[in-house]
Amino acid sequence: MDENNSFPILSQNGIEEEEEEEDDDDDSMTSQQLFQRLQQAWLNEKYSPVLLKHENLLVLATFELLDDIEKRLKSSEHKTTSFRWLMHRTEYNRLYFILCSYIRTRCFKIEEYPAAALNSEELLSPEECVYAHTYLNNMKHHLKKTVLTELKSEQQQTDENALVQLLPKPNLNEFVFFQADKSVNGLVLTSESNNTGAPNDVLDIKSDDQYIMQFKHIHKLIVEKEIHLV
């Protein structure tokens, strides 16, 4: 991704047998970069207990690439008989699976923690925001119908928003594995101070090393893309 947060034009020209090898290498490098970024966004979302910011540009670029690959696969004269055609069909399926899994993972978190998701609407795509509002409203209606109606008359006046507060929330104390993309010095793990006034638990993270830690300590580092979950 460049400084303007945009992706380069992606293409998949390698499915034609007669193409030059160096052009195929250039395109595969561009596609590989997209695949690696999507895979990492998927793993971060999969292992994070909370919703991360929606990778809108990445998702759109992946849809564009998948559409381009599919058109070329359909128009190829060597369908099912060319090893290159089969290879690109496999790559298409792998990319499609990761994209769908990324979207499903985010939908699952919205359904699991709808109130928490709407407390951070800036992390959602417009479609996810509509889905979260719809899901939460349906949840409120369900709770009102199945819970409030079973209470005593004076308790039935309970605000349905109070019931929403009883919905599960993400566990920020959950332990996660991560790998550092760059060195981070002075990561404070506790707010308690020693006799000198300095924090007791401070950790220096070395680039490329792997660690296990409570998510709440490294949430900011994930947002700033200084580490990634594994």
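Here are some questions and answers about the predicted model shown above.

A quick note before we start: this is a predicted model, so local features need pLDDT of at least 70 and side-chain atom pairs count only at pLDDT 80 or more, while totals for chains, interfaces and linings use all residues. Residues are numbered from 1 along each chain as its sequence is written, and side-chain values use heavy atoms, with hydrogens and water left out.

Q: How many helices and strands does the protein chain have?
A: Helices here are DSSP runs of H or I with at least four residues, strands are runs of E with at least two, and both are numbered from the N terminus. Read along the sequence, the pattern is α-α-α-α-α-α-β-β-β-β-α-β. The count for the protein chain is 7 helices and 5 strands.

Q: What percentage of the 230 residues in the protein chain is buried?
A: Buried means under 20% relative accessible area, exposed means over 50%, and partly exposed is in between (1.4 Å probe, protein chains only). With that cut-off, the buried residues of the 230-residue protein chain make up 37%.

Q: Which residues is Leu 95 in contact with, leaving aside neighbours within four places in sequence?
A: Contact means heavy atoms within 4.5 Å. With those neighbours left out, the partners of Leu 95 are Phe 35, Leu 38, Thr 62, Leu 65 and Leu 66.

Q: Why is the pair of Tyr 92 and Tyr 96 called stacked?
A: Rings of Phe, Tyr and Trp (its six-membered ring) pair if their centres lie within 6.5 Å; planes under 30 degrees apart count as stacked, over 60 as edge-to-face and the rest as tilted. Tyr 92 and Tyr 96 sit 4 residues apart in helix H3, so about one helical turn separates them. Their ring centres are 6.2 Å apart, and the pair is stacked because the planes are at 10°.

Q: What is the angle between the planes of Tyr 131 and Tyr 135?
A: Tyr 131 and Tyr 135 both lie in helix H5 (residues 126–146), about one turn apart. Tyr 131 is partly exposed at 31%, and Tyr 135 is partly exposed at 25%. Their aromatic pair is tilted, with 6.2 Å centre to centre and a plane angle of 40°.

Q: Which backbone nitrogen does the side chain of Ser 82 reach?
A: Ser 82 lies in the loop between helix H2 (56–75) and helix H3 (83–112), and it is buried, with a relative accessible area of 8%. A polar contact is a pair of N or O atoms within 3.5 Å; within protein, one must be able to donate a hydrogen and the other to accept it, and residues adjacent in sequence count only if both atoms are side-chain atoms. At 3.2 Å, the side chain of Ser 82 reaches the backbone nitrogen of Arg 84.

Q: Which residue has a backbone oxygen 3.4 Å from a polar atom of the Gln 214 side chain?
A: Gln 214 is in strand S4. Not counting residues up to four places away in sequence, Gln 214 touches Leu 172, Asn 173, Glu 174 and Phe 175. The backbone oxygen at 3.4 Å belongs to Asn 173.

Q: What is phi of Lys 225, roughly?
A: Lys 225 is in the loop between H7 and S5. At 54% relative accessibility, Lys 225 counts as exposed. Although Lys 225 is not a glycine, its phi is positive, at about 60°.
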